[in-house]
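User: I have a model open and want to go through its geometry. Can you take my questions one at a time?
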Amino acid sequence: MKRYAADCHEHIFDPAYPFAEGVHYIPEFAQRGTADDFAAVLDAHGLTHGLLVGAVPYAGDNSAMLAAIAKHKGRYKGIALIRDAEITPAKIKQFADGGVIGLRVNLMSFGITEITGAKGEKLLATAKEMNWFIQLHLHEADLVPTVPILRKAGVKLMFDHFGRPDVDKGVDQPGFKEMLQFGREGNSVIKLSGPFRSSKTGYPFKDTDKFIAASIEAFGIDNCVWGSDWPFVRVEGRIDYGPQLVVLPRWLPNEADRQKVLWDNPKRHFGFVET
């Protein structure tokens with residue numbers, strides 16, 4: 001029987017699609033990867049599906065991601081990035097037809113600007129109308145000023161990298177506490193992903209364990225997914241795929257829980273299909 005499993009956080013940085021001008025980072029050559037490159041990584045590690053995430057180097061141009069979804073029919077879904085652009089009916093249709101299931105908001109780089117004002121209100125309203133996720137990229141206390149905005153909007157939320165807490169400040173730090181409360185309210189998904197971005201001890205990332213455990217408890221196992229953050233941009237040292245995946249049995253010693261996180265939950269939340 002075929003085993004299905006999804007990596008729910010990765011980026012396509014394909015040199016065939018030009019990066020935007022004026023963005024605050026461009027991936028180094030070794031930190032780029034095409035849709036085919038990612039498919040090979042999934043195959044090598046026994047995974048079948050991927051949730052592609054739009055990122056800063058392409059600004060609001062999601063062409064590379066949409067092309068990847070179209071080429072690998074049924075294997076990928078996407079989280080689109082909107083930067084300084086109107087969400088027109090044509091764009092909404094393009095996203096919906098193209099396998100997009102959410103919109104990404106980068107609190108870490110841009111603060112609350114993407115969810116305030118007329119464009120921010122429209123972004124949140126569109127996500128709610130389309131039943132899309134608002135996926136939040138944040139760290140430490142970035143979430144705190146957004147809480148009343150997001151709660152008023154009533155949108156489904158998804159949190160990158162279990163909120164990227166400061167591991168020295170404990171699970172009671174303000175941003176992490178607010179994220180856990182959203183989890184308890186039952187309309188959010190959390191990614192048990194990117195421990196290398198929070199860990200100060202490095203692999204096997206044991207200093208993140210209490211944050212992972214608190215996330216699973218607050219969100220519930222049915223609202224947890226896993227992601228690698230491939231191809232590992234904006235890092236100083238070498239990061240490999242295997243160490244991101246191999247920590248899962250420590251975080252989730254129960255095989256049935258791992259099955260939920262790797263497949264049952266992505267299938268239900270994102271609409272992946274067994275082939």
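User: How do α7 and α8 pack, at what angle and with their axes how far apart?
Analyst: This is a predicted model. In it, helix α7 (residues 174-185) and helix α8 (residues 209-219) pack at an angle of about 30°. Their axes are 7 Å apart.

User: What does that make α7 and α8 to each other, roughly parallel or roughly antiparallel?
Analyst: Roughly parallel. Angles under 35 degrees count as roughly parallel, and therefore α7 and α8 get that label.

User: Which residues in α7 meet which in α8?
Analyst: From α7 there are Phe176, Met179, Leu180, Gly183 and Arg184. They meet Phe211, Ala214, Ser215, Ala218 and Phe219 in α8.

User: And how do the residues of that contact divide into nonpolar, polar and charged?
Analyst: Seven are nonpolar, two are polar and one is charged.

User: Next, serine 188. Where is it, and is serine 188 buried or exposed?
Analyst: Serine 188 is in strand β7, which covers residues 188-193. Its relative accessible area is 4%, so serine 188 is buried.

User: What is serine 188 in contact with, leaving aside neighbours within four places in sequence?
Analyst: Serine 188 is in contact with Leu157, Phe159, Phe182, Phe219 and Asn223.

User: Where are proline 204 and proline 231?
Analyst: Proline 204 is in the loop between β7 and α8. Proline 231 is in the loop between β8 (224-227) and α9 (241-246).

User: Which residues have a positive phi although they are not glycine?
Analyst: Histidine 161 has a positive phi of about 50°. Phenylalanine 205 has a positive phi too, about 60°. Most residues other than glycine have a negative phi.

User: Where is histidine 161, and is histidine 161 buried or exposed?
Analyst: Histidine 161 is in the loop between β6 and α7. With a relative accessible area of 1%, histidine 161 is buried.

User: And phenylalanine 205: where is it, and buried or exposed?
Analyst: Phenylalanine 205 is in the loop between β7 and α8. It counts as buried, at 4% relative accessibility.

User: What about lysine 169, buried or exposed?
Analyst: Exposed, at 53% relative accessibility. Lysine 169 is in the loop between β6 (156-159) and α7. Its C-alpha is 28 Å from that of histidine 24, and 145 residues separate the two in sequence.

User: Last topic, cavities. How many are there of 30 Å³ or more?
Analyst: The structure holds one cavity of 30 Å³ or more. The largest cavity has a volume of about 90 Å³.

User: How many residues line the largest cavity, and which lie nearest its centre?
Analyst: There are 13 lining residues, and Val53, Gly54, Ala55, Tyr58 and Met65 lie nearest the centre. The lining divides into nine nonpolar, three polar and one charged.

Definitions and conventions:
Residues numbered from 1 in each chain as written. Predicted model: local features only at pLDDT ≥ 70, side-chain atom pairs only at ≥ 80, totals over all residues. Heavy atoms only, no water. Axes fitted to C-alpha atoms, helices over the stretch in contact; angles between N-to-C directions. Helix = DSSP H or I, 4+ residues; strand = E, 2+ residues; numbered from the N terminus. Parallel < 35°, antiparallel > 145°, perpendicular 65-115°, else oblique. Contact = heavy atoms within 4.5 Å. Nonpolar A, V, L, I, M, F, W, Y, C, P; charged D, E, K, R; others polar. 1 Å grid on protein atoms, 1.4 Å probe; cavity = no way out; pocket = protein on both sides within 12 Å on 5 of 7 lines; lining within 4 Å. Points joined across faces, edges and corners; volume = space filled by probe spheres on them. Buried < 20%, exposed > 50% of the residue type's maximum accessible area, 1.4 Å probe, protein only.
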